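Subject: Structure for you to look at

Hello,

Here is the structure I said I would pass on. Please open it next to this message.

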Amino acid sequence: MTIILQKSPEYGPAHLSRAKELAAENNLDESVAEAEFALAHLDGGRVAERDAHYLLARLYLRLKQPQQAESRARWLNGNP
C-alpha cells in the first residue's frame, strides 16, 4: 500500500484501503482523514464511493459524531 501511495499520492482507492487498515488498528481520526481524502479522489467508481461513505458512517459512530454518521447514511440510502 505504501508503495502505491508513494508512486501515486492522490490515488483514492489506495487511500480507502489505508483508511480501512487504520480503522482496524483503532486509529479513528487518521482513518477518517484518509477516507475523506479517498472520497474526494475516487474516479467515479460507484462501489468504492459507497464503500467510503459506509466506512465513514461507521467511523463517525465510533467517534460519537452521530450527525456526521447520519449524513453518510442519508447519502447511502439515496444512492443504492
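Below is what was found in it, from the overall fold down to single residues.

Overall fold

Please keep in mind that this is a predicted model. The protein chain has 5 helices and 0 strands, and its elements run α-α-α-α-α from the N terminus on. The radius of gyration is 12 Å, close to the 12 Å that the globule rule gives for 80 residues, so the chain is as compact as a globular protein of that length. Along the principal axes, the C-alpha atoms fill a box of roughly 35 × 25 × 15 Å. Of the 80 residues, 34% count as buried. Among contacts with a separation of 6 or more, 46% come from residues 24 or more positions apart.

In soluble globular proteins, nonpolar side chains tend to be buried together. In this model the largest nonpolar core has 15 residues, and those with the most contacts inside it are Leu-55, Leu-56 and Leu-59. Two or more residues each come from α2 (12-24), α3 (28-40) and α4 (46-62). Leu-55 touches Leu-16, Ala-19, Lys-20, Ala-23 and Ala-35, leaving aside residues up to four places away in sequence.

Helix α3

The 13 residues of α3 should span 18 Å at 1.5 Å a residue, and the end C-alpha atoms are 18 Å apart, which agrees. Its buried residues are Leu-28, Ser-31, Val-32, Ala-35, Ala-38 and Leu-39. These cover an arc of only 130 degrees around the axis, so they lie on the same side of α3. An α-helix has 3.6 residues a turn, so residues three or four places apart point the same way. What covers the buried residues of α3 includes α2, α4 and α5. Asp-29 and Ala-40, on the other side of α3, are exposed.

Helix α5

Helix α5 (residues 66-78) also passes the length check: its 13 residues should span 18 Å at 1.5 Å a residue, and its end C-alpha atoms are 18 Å apart. Ala-69, Arg-72, Trp-75 and Leu-76 are the buried residues of α5. They are on the same side of α5, because they cover an arc of only 120 degrees around the axis. The helices they pack against are α3 and α4. On the other side of α5, the exposed residues are Gln-67, Arg-74, Asn-77 and Gly-78.

Leaving aside residues up to four places away in sequence, His-53 touches Leu-39, Arg-72, Trp-75 and Leu-76. Of these, Leu-39 is one of the buried residues of α3, while Arg-72, Trp-75 and Leu-76 are among the buried residues of α5. The side chains of His-53 and Arg-72 are also joined by a polar contact of 3.3 Å.

Lys-64 sits in the loop between α4 and α5. With a relative accessibility of 71%, Lys-64 counts as exposed, because the cut-off for that is over 50%. From C-alpha to C-alpha, Lys-64 and Ser-31 are 15 Å apart in space, and they are 33 residues apart in sequence.

Regards

Note on methods: Residues numbered from 1 in each chain as written. Predicted model: local features only at pLDDT ≥ 70, side-chain atom pairs only at ≥ 80, totals over all residues. Heavy atoms only, no water. Core = buried A, V, L, I, M, F, W, Y, C linked by side-chain atoms within 4.5 Å. Buried < 20%, exposed > 50% of the residue type's maximum accessible area, 1.4 Å probe, protein only. Helix = DSSP H or I, 4+ residues; strand = E, 2+ residues; numbered from the N terminus. Contact = heavy atoms within 4.5 Å. Expected span 1.5 Å × (residues − 1). Arc of directions from axis to C-beta. Polar contact = N/O pair within 3.5 Å; in protein donor to acceptor, adjacent residues only side chain to side chain. Rg over C-alpha atoms; globule rule 2.2 N^0.38 Å.
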